[in-house]
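Subject: Structure for you to look at

Dear colleague,

Here is the structure I promised to pass on, with the sequence alongside.

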Amino acid sequence: MSNAAALITEFGIVAGALLPVAVVIVCLIGGMKCLLRSEMLRTYYHGKDTEKIRQFELENFVLLYKAYKALRGNSFIDKIYEEVMEREVIT
């Protein structure tokens, strides 16, 4: 019985120590997704009128999109991605 009580106590201590770390990680992921989405939207609106995009902007946009999706970003940005990919690339 004392072994079970000791295990439960130790589990509680470990869980208590890890919970704040998990909360911080979730908050950082949310913040990172927000920044990625914001930067992609900036690129999207920058060339919306001309329907053109510079090569380096497109490359950066694709990297931002991949990171956003890897962080389980929602599908809102998928339509933006498709529209940007259809733009004329200028050097």
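At what angle do H2 and H3 pack, and how far apart are their axes? Bearing in mind that this is a predicted model, the packing angle of H2 and H3 comes out at about 160 degrees, and their axes are 11 Å apart. Since angles over 145 degrees count as roughly antiparallel, that makes H2 roughly antiparallel to H3. The crossing in which H2 passes H3 is left-handed. On the H2 side the contact is made by Leu 58, Phe 61, Val 62, Tyr 65, Tyr 68 and Lys 69, and on the H3 side by Ile 77, Asp 78, Ile 80, Tyr 81, Val 84 and Met 85.

The pairing of H1 with H2

Helix H1 covers residues 2-46 and helix H2 covers residues 55-70, and the two pack at an angle of about 150 degrees with their axes 10 Å apart. By the cut-off of 145 degrees, H1 is therefore roughly antiparallel to H2. Here too the crossing, that of H1 and H2, is left-handed. From H1, the residues Lys 33, Leu 36, Arg 37, Glu 39, Met 40, Thr 43 and His 46 meet Glu 57, Phe 61, Leu 64, Tyr 65, Ala 67 and Tyr 68 of H2. The contact of H1 with H2 divides into seven nonpolar, two polar and four charged residues.

Thr 43, which is found in helix H1, counts as buried at 7% relative accessibility, and, with residues up to four places away in sequence not counted, Thr 43 touches Ile 53, Glu 57, Phe 61 and Arg 87. Glu 57, which lies in helix H2, also counts as buried, in this case at 12% relative accessibility. With residues up to four places away in sequence again not counted, Glu 57 touches Thr 43 and His 46.

The pairing of H1 with H3

The axes of H1 and H3 come within 10 Å and cross at roughly 35 degrees, and H1 passes H3 in a left-handed crossing. In this contact Arg 37, Met 40, Leu 41 and Tyr 44 of H1 meet Phe 76, Ile 77, Ile 80, Glu 83 and Val 84 of H3. The residues of the contact of H1 with H3 are seven nonpolar, no polar and two charged. As for Tyr 45, its place is in helix H1, and at 54% relative accessibility Tyr 45 counts as exposed. The C-alpha atoms of Tyr 45 and Val 84 are separated by 9.7 Å, although these residues are 39 residues apart along the chain.

The nonpolar core

In soluble globular proteins, nonpolar side chains tend to be buried together. Which residues touch the most other members of the largest nonpolar core here? Of the 14 residues in that core, they are Met 40, Ile 77, Ile 80 and Val 84. The elements that give two or more residues to this core are H1, H2 and H3, and H2 gives the most, with six residues. Ile 77, with its neighbours within four places in sequence left aside, is in contact with Arg 37, Met 40, Leu 41, Tyr 65 and Tyr 68.

Most residues other than glycine have a negative phi. Glu 51 is found in the loop between H1 and strand E1 (52-54), and Glu 51 is partly exposed, with a relative accessible area of 42%. Arg 72 is found in the loop between H2 and helix H3 (76-85), and Arg 72 is exposed, with a relative accessible area of 75%.

With best wishes

Definitions and conventions: Residues numbered from 1 in each chain as written. Predicted model: local features only at pLDDT ≥ 70, side-chain atom pairs only at ≥ 80, totals over all residues. Heavy atoms only, no water. Axes fitted to C-alpha atoms, helices over the stretch in contact; angles between N-to-C directions. Helix = DSSP H or I, 4+ residues; strand = E, 2+ residues; numbered from the N terminus. Parallel < 35°, antiparallel > 145°, perpendicular 65-115°, else oblique. Left-handed = near helix turned anticlockwise from the far one by under 90°. Contact = heavy atoms within 4.5 Å. Nonpolar A, V, L, I, M, F, W, Y, C, P; charged D, E, K, R; others polar. Buried < 20%, exposed > 50% of the residue type's maximum accessible area, 1.4 Å probe, protein only. Core = buried A, V, L, I, M, F, W, Y, C linked by side-chain atoms within 4.5 Å.
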